[in-house]
Amino acid sequence: MTGRLSEILLADPRGFCGGVTRAIALVKKTLADFGAPVYVRHEIVHNKHVVEDLRRQGVIFIEDWSEMADPSRPVIISAHGAPQAVYDEAESLGLKLVDATCPLVAKVHEQYRRLAAQNLQIIVIGKKEHPEITGTIGQCPGHAPAAVINTVEEAENLALQPGTRYGVVTQTTLAVDEVSRIIDVLGAKPGIELATQNKNDICYATTHRQAAVKELARQCGGVIVIGSKNSSNSRQLQKTAEKAASGQEFKAWLADDVSEIDWDSAGQIERLGVTAGASAPDYLVDELLAEARRRYPNLKIRYVTVTAETKIP
Ligand code: SF4
C-alpha cells in the first residue's frame, strides 16, 4: 500500500495500562505527600518521557540503595517488581519503601513462590536481564530456576530430566504467539510433566495491544509504535506487527516520539497504523497525529477497536 499518506488507523486499546497508571500515580502521590526529592529504584516504567518528566519533578532514579544520598527519603519500587532480597535489605536499612510493583507482576511472583513450595523445577520464559525477570526469579532465594529461556530455539535445545515435574512462569510483556509455541515445545518433551496453571502469565494489556496491532498490520502498509527501545511490550508490538504482516510490503517503526518519525518513508504509506506501548503517554500519540495532520491536511483518522479495556482485571 504505497502512495501518499491519506489515512491513519489508531489502535484501541493502546498506550498506558492499569499497572503503569498506578505506578506513576504512586510516584506523584509520594512527591505530594513528602516533597522532593524521592527515590525510585530503577525506571518506574520503561519510557524515556515519563522518566524525564518525573526527574524534573524531583525524582532521583537509582539502581542500588548505595546511591541514596539521603536514606531518610522515601524510595519507590518500580512497576517491574524486585527480588525478595531488595525488600529485606530495605527493611534492614530502615528505608521508607513504597511498592509500585504492578499487581499482575506480583501475581507472577506468587505463582513462582507456589511452584517453589511444591518443590517443582521452574522454567522461566523471559529475558534474563530484564528487571521483571530478576524480580521473579529472586522470589525464593533458595529455589533458583531450572532455566530462563526466551526463544523457541532455546526451548528446543533445553535438556529436561525425564521423570521430573516442571512448572512454568512467564514475563508479562512477551509476544503471546511466541510464548505459546515455546510452551508447546516444552510440553512435547518426553517423560516430563509440565505444570502450568495458566496458559501463560502475559498480562491483559500486552495481549490486547498485540491483538490490536495485528489488526492494524492486516489493514495497513506500515505501523508506528510509540514507545521506548527498552520497553519490552513496545518492542513486542513492533515484532508482532512485522510477523502479522509477513508476505506483504510492510514496515513497523518503534519511535520514542514524533521527532523520530521518518516521514519520507511513513508518508509514502497510504494507510498507516499507529499504536503505543503500555508505558507510552497519550500526549505522544496526540503530537504524532497533530504533525501528520499538518503535513497531510486531508488525512482521515479512524479507530480500530479490538476490545474494551477499563482496568486491571
Ligand atoms: S504491561 Fe501488564 S504487567 Fe506491565 S505494568 Fe502494564 S498491566 Fe502490569
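I count a residue as buried if 20 or more other C-beta atoms lie within 10 Å of its own. The model I examined is a predicted one. With that cut-off, I found that buried residues make up 42% of the 313 residues in the protein chain.

**Overall form.** I looked up the secondary structure next and noted 11 helices and 13 strands in the protein chain. The radius of gyration is 21 Å, close to the 20 Å from the globule rule for 313 residues, so I record the protein chain as being as compact as a globular protein of that length. Along its principal axes, the C-alpha trace spans about 60 × 55 × 30 Å. I then turned to contacts between residues at least 6 apart in sequence, and 78% of these join residues at least 24 apart.

**Ligand surroundings.** I listed 15 residues around the ligand, the closest being C17, G19, C102, T172 and C203. Two or more residues of this shell come from each of α1 (18-34), α4 (103-117) and α8 (204-219). The element that gives the most is α1, with 3 residues.

**Domains.** I noted a division of the protein chain into domain 1 (7-16 + 204-305), domain 2 (18-102) and domain 3 (104-195). Taken over C-alpha atoms, the centres of domain 1 and domain 2 are separated by 30 Å. I found that 13 residues from domain 1 and 9 residues from domain 2 take part in the contact between them. On the side of domain 1 that touches domain 2, I recorded 6 nonpolar, 5 polar and 2 charged residues.

Methods:
Residues numbered from 1 in each chain as written. Predicted model: local features only at pLDDT ≥ 70, side-chain atom pairs only at ≥ 80, totals over all residues. Helix = DSSP H or I, 4+ residues; strand = E, 2+ residues; numbered from the N terminus. Rg over C-alpha atoms; globule rule 2.2 N^0.38 Å. Buried ≥ 20, exposed ≤ 12 C-beta atoms within 10 Å, placed from the backbone. Contact = placed C-beta atoms within 7 Å. Near = placed C-beta within 6 Å. Domains from an automatic or database assignment. Nonpolar A, V, L, I, M, F, W, Y, C, P; charged D, E, K, R; others polar.
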